[in-house]
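This report covers helix packing first. Salt bridges follow.

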Amino acid sequence: MAYNKAKAEKEWLRWKEAEEKKLRELGVDEETIQRLHTYDWAQFNKERQYLQRQVDWSPYADWVSAQDLELPVEDTESLLDSIEDMELFSLLHTVDKLTLEILFMKMDGYSSKEIASAFGMDEYAVNMRIYRLRKK
């Protein structure tokens, strides 16, 4: 979602006017109110710049963080050991070793075509095993 500068500025001005009104009611002198206004405006602009950059960079940051994701497991045995859901564990425990290997490679980011060539099988067969596992 894009940062709406005009809306943020209107909200800040509304807040600042209410604050200045209270300060005047409390007897604060105009010079102090003006110094506070200048300081708060500078802080608002710094925050605005940060938020604009954050919005501009967020797709890139999401892409970079997705590239850094690593699976917490290294083989099918540790995959099974890491599962805490007993229903899922019992389901995966009954699946044959080849399907688990295919699942592990799929989780690791391999395409169905790469998995098929690694196991010397048809890409359709890999996709069918994944489909049947999802169905279960």
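The axes of H5 and helix H6 (residues 112–119) come within 10 Å and cross at roughly 140 degrees. Axes here are lines fitted to C-alpha atoms, for helices over the stretch in contact, with angles from 0 to 180 degrees between N-to-C directions. Helices are DSSP runs (H or I, at least four residues), numbered from the N terminus. H5 is therefore oblique to H6; angles under 35 degrees count as roughly parallel, over 145 as roughly antiparallel, 65 to 115 as roughly perpendicular and the rest as oblique.

This is a predicted model: local features need pLDDT of at least 70, side-chain atom pairs count only at pLDDT 80 or more, and totals for chains, interfaces and linings use all residues. Residues are numbered from 1 along each chain as its sequence is written, and side-chain values use heavy atoms, leaving out hydrogens and water.

Helix H5 (residues 97–107) also packs with helix H7 (residues 123–135): their axes come within 10 Å and cross at roughly 95 degrees. That makes H5 roughly perpendicular to H7.

The structure holds six salt bridges. A salt bridge is a side-chain nitrogen of Lys or Arg within 4 Å of a carboxyl oxygen of Asp or Glu. Three of them are listed here.

| Pair | Closest N to O |
|---|---|
| Glu101 and Lys97 | 4.0 Å |

Glu101 and Lys97 both lie in helix H5, four residues apart. Lys16 is buried at 1% relative accessible area, and Asp40 is buried at 15%. Buried means under 20% relative accessible area, exposed over 50%, partly exposed in between (1.4 Å probe, protein chains only).

Definitions and conventions: Helices (H or I, at least four residues) and strands (E, at least two) are DSSP runs, numbered from the N terminus.
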